[in-house]
Amino acid sequence: MKYCKDFIVVGKEMIRSDLFILKLQYQEEVLPEIKPGQFVEILIKDKKDVLLRRPISIHDVSKENNQISLVIQIVGKGTEELSKIEMGNSLNLIFPLGNGFSLIGNKVLLIGGGVGAAPLLYLARCLKEKGTAFNTLIGSRDTIQLFNKDKFSDLGPLHIATENGSCGFKGLVTEHPIMEEDFDAVYCCGPTIMMQKVASIMEKRNIPCFVSLEHKMACGFGVCLCCVVDTDTGNKRTCINGPVFLSSELKNF
Amino acid sequence: MNINNSGLEVEIGKIKLKNPVLTASGTFGYGEEFEDFFPVENLGGIVVKATTKEKREGNPYPRMAETPSGMLNAVGLQNKGVDFFCKSIYKRIKDIKTNLIVNVSGSTIEEYVEVSQRINELENIVGIELNISCPNVKQGGMVFGTDPKMAKEVVKKVREVYKKTLIVKLSPNVTSIVEIAKSVEDSGADALSMINTLLGMAVDANRKKALLSTITGGLSGPAIKPVALRCLWQTYKQVSIPIIGMGGIISAQDAIEFILVGASAIEIGTANFINPMVSLEVVEGIKEYMDKNNIKNLSEIRGII
């Protein structure tokens, strides 16, 4: 079941000049079930050069407070407009969208790159609840890129790789020693090139690697057919067949 | 949900619509995708996704680019083919209690004819919308819709095999839409729908590349409404079959504008992506407009401009 409802902005935190976190309060009684890896489509109101909604992954869910949070990077006119939103304003969301991560295995690795780490926080929360052992590995260019580090480390072991070595391991996530360990599954979200590298390493070791894709889409719920990705069984829609795919089924992975 | 449809009823060929609001092909899936949002049987009808003879994968990604007040798409008629439609999709959707119309596409006259014939056998499909105006496939589509002779030929051949309501969807990418409309009417079409998307393109100056994999694509959304209104206004005066208007409708006000220039019914397209409840809101909004302006039946204002 998907919904089209208003939320109120109850928290806004600028992480850096082009990255911010919104905390949104659901206005109805109880939030519907949300799976980690699912996303929302946000309506940008009264902006003539921004016609379509913007798909944003769900960063965290607080069932107790009836809230969700989103990490938004300013990459264009739509996200720029969203960055101007103020506390108390309302936002119209279509949610929850997408398939989300399927939680398998007893010991798993979460790998996030840059802002792509966003959906992994809620994934970590769900894995902890389920009792699955997990490690989180986040890669970024530098310290400034990291967000909610404490929240990640509160949930489980956190490993950091920065390209300039300003925090944690110096190098790429693919070079981090935790990658050598054995896992039942890997969950990955970040730049395509990073996900491709991680996927190729894991595929060689026969470890299922789930990747979360980011594609341009017009609707987000399966009707526009704009967000297709080439798979072994033909074109699939990132919005409803994904955004999470097993890397082995993707043609360019 | 109870909607008072009095004064909204309209006939398109043999199809009786409880209200003049339909959803445009390729923007409403098969209707099922919207059932979470509102009861789709409240609509006058649903035009389901384009169906071709064989399965089509469509064009490569990227297929979409947002433009000021609009969007370009280059989906390229991705669909699972008429066989799959008849055997699987039809079974799923046939009991949706509104008029179900199938958008029929093809690359050759034979393909249009064969698909139309197959759809003709489906009891609960009340009509077809012959898509001779898709700008996103290399062969066929718009070729038929931009040449009056070709348009005549394909409509005539489909008319011979298709017994229910035949709607022909016209392209605005022509010098004279009226000329095409007339030849389509002469060939036995029951109704026209217009407009399909406008051929356009978008360029990324920084990357020095086109934004669509196909370079060009079809422009839709509010940006094209003035063109659509003009096409409809010109055509309404020259043909006697009903016209379904579309092109950038996002509100009841927009829908009324189309009716004022002659539309018997309207289709909502791109707006479904932005506000999934929009089609229902348009039905309610038309009703409010009528109450406010003391209009008992939409026929009172149809084509008065």
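Buried residues are those with under 20% relative accessible area, exposed residues those with over 50%, and partly exposed residues those in between (1.4 Å probe, protein chains only). The structure is a predicted model, in which local features need pLDDT of at least 70, side-chain atom pairs count only at pLDDT 80 or more, and totals for chains, interfaces and linings use all residues. Residues are numbered from 1 along each chain as its sequence is written, chains are lettered from A in the order in which they are written, and side-chain values use heavy atoms, with hydrogens and water left out.

Side chains of opposite charge can pair when their charged atoms come close. With a salt bridge defined as a side-chain nitrogen of Lys or Arg within 4 Å of a carboxyl oxygen of Asp or Glu, 23 salt bridges were counted over all chains. Among them, Glu32(B) pairs with Arg92(B), with 2.7 Å between the closest N and O atoms. Glu32(B) lies in the loop between strands E3 (21-23) and E4 (45-51) of chain B and Arg92(B) in helix H1 (residues 82-93), so the pair ties together parts that are 60 residues apart in sequence. Helices (H or I, at least four residues) and strands (E, at least two) are DSSP runs, numbered from the N terminus. Glu32(B) is partly exposed at 24% relative accessible area, and Arg92(B) is partly exposed at 46%.

A salt bridge also joins Asp254(B) and Lys225(B), with the closest N and O atoms 2.7 Å apart. Asp254(B) belongs to helix H7 (residues 252-260) of chain B and Lys225(B) to helix H6 (residues 225-236). Asp254(B) is buried at 7%, as is Lys225(B) at 16%.
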